[in-house]
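User: I'm new to this one and would like to learn how to read it. Could you walk me through it step by step?

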Amino acid sequence: MDSALCVKRQQFSMHCDALEEDIKLLSEPFKVFDFDFWRRPHSHRVMELSVQATNTGTVHAIISWWLLQLDEKGTIFYSTAPKWISCPSSMEGFNSSISWSQNWCDHWKQCVWFIPKKGLSLLKDEEVSLLAVHTDTSISYEMKTLSQNLELGQSELSAQKYQITLLPEKIALYSDVNWRCSMLKAIKNAMKQKTPSLCVVVDDSIFLAVALAHLAKGSHVLSLFPGLQEKGAQYLQAVAAANGYSKDHVEVQKMSELLTSQSFQEKQIDLLVGEPFYYGNNSVLPWQNLRFWKDRSLLDSVLSEGAVIMPCKGLLKACAMSLPDLWQSHQCLQHVEGFDHSVVNSTIGACGGLPPGQENPTLPFSVWQCGESKKMSDIVTIMEFNFLKTISPCSGKAKVEFITHGKCHGFVLWIDWVMDTEQSIVLSTGPEQRYWKQGVKLLKEPVAVGSHGSATTDCHSADIETSFDPSTGDLIVDYAFS
């Protein structure tokens, strides 16, 4: 039911350079809006364009960027297009005066608008109508071929009542057959350990809620849906028949109601699960999802003896990385073209080159979008979070051995989720995965490193120490090179 579960209809900021090998262009670049900064801005405009397809394929997204005219005469231009975009034929006469951003800049992302459902199929040379609308803060698109109508069908209108919109990364994760198979295998293994009478999904995982309702026929399934709430409940009801379970087989209830409800005081939870995924936690550090551990601890008094917890453990992983583009883009500002910009460093969250006494924060990034990157060490496990026990402060440390020569710009940290006690199913959220953000601890200054076998005087290893405070959810990261 692709109309019931879809990507949120908005523009998403992404570094599209990283998508070069995954993209097939279906049109030439074209102009959408002109914004004259000399004049009073329009708060709302609508533009209808006709675009010709240059290739046969399916349109999944519209990518847009700025072409900035820097002088009044129109002789100097600056483009923020992806590096794999060529100059449009309509501007070939200006080509010599267009400056293309060759250096990766974190602030020059492109905007991506995803086409609903499975996209729009086009033939080469086919004309497509594009309706573009902008407000003070956003731009939206509607696309159709000449044979289509933009008006929503009746089935789509009814689907909007229980429609759930998720980020592109989450839709992509739910579309990953390997991830789905791993989760289903973990659920089946958990049910073999103990036949559950009451199963609880503590987070906003609609996948786990539907899977349990389908697989655990003799059990009562309860979803907390702290973020989705009523909309999640409507979704579960709407997809019940399609997934082979009755509407009364699964229920949505708040945490407070579960702990105080008289009907549930007589029952105990045999299976407690989560991905973990919390709706609205879009740009948070990986350890913010340890909310799962906190929720599990709140329910400790209603867990049955030998209750199965999934995931049962979290592994804090780390590796040293070369991230020259990210570090350069986030280093402190000093004097630029004769002007002192240092006053804005704290405002923009500058990292590299901080004054003595100030420590770089750990920030969430999708490392695969962060320009040039290279692993400088093997992956190490710093500490474990044991979800079979209630939440508590914990700390750990590990030695990182460098495996190659070069510059280390920081450490990347993430959590691998161990789904079963045998550790046969481990779901990684590391930098090679596109579905999650990692925590990046940039160094104040890049450090020259090398392997132990090298004859250089570079650093050969580093010690990383971390400590987790459950009262705040913060993870402190310290390091020392040797």
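**Reading a residue and its surroundings**

Analyst: Let's start with N243, which counts as partly exposed because its relative accessibility is 27%. Buried means under 20% relative accessible area, exposed over 50%, and partly exposed in between, with a 1.4 Å probe and protein chains only. Keep in mind that this is a predicted model, where local features need pLDDT of at least 70 and side-chain atom pairs count only at pLDDT 80 or more, while totals for chains, interfaces and linings use all residues. Residues are numbered from 1 along each chain as its sequence is written, and side-chain values use heavy atoms, leaving out hydrogens and water.

User: Where does N243 sit in the chain?

Analyst: Helices (H or I, at least four residues) and strands (E, at least two) are DSSP runs, numbered from the N terminus. N243 falls in the loop that links α5 (230-238) with β16 (250-252).

User: Which residues is N243 in contact with, leaving aside its neighbours within four places in sequence?

Analyst: Contact means heavy atoms within 4.5 Å. By that rule, N243 touches V210 and H214.

User: And what lies 2.9 Å from a polar atom of the N243 side chain?

Analyst: That's the backbone oxygen of V239. A polar contact is a pair of N or O atoms within 3.5 Å; within protein, one must be able to donate a hydrogen and the other to accept it, and residues adjacent in sequence count only if both atoms are side-chain atoms.

User: Why is helix α4 described as largely enclosed by the rest of the structure?

Analyst: Helix α4 covers residues 206-215, and eight of its ten residues are buried, so the rest of the structure largely encloses it.

User: Is H460 buried or exposed?

Analyst: H460 counts as buried, because its relative accessibility is 18%. You'll find H460 in the loop between β28 (438-449) and β29 (461-469), where its side chain reaches the backbone oxygen of D458 at 3.3 Å.

User: Zooming out, how many helices and strands does the protein chain have?

Analyst: There are ten helices and 30 strands. Buried residues make up 46% of the 482 residues. Of the contacts with a separation of 6 or more, 74% join residues 24 or more positions apart.

User: What does the C-alpha trace span along its principal axes?

Analyst: The C-alpha trace of the protein chain spans about 80 × 70 × 40 Å.
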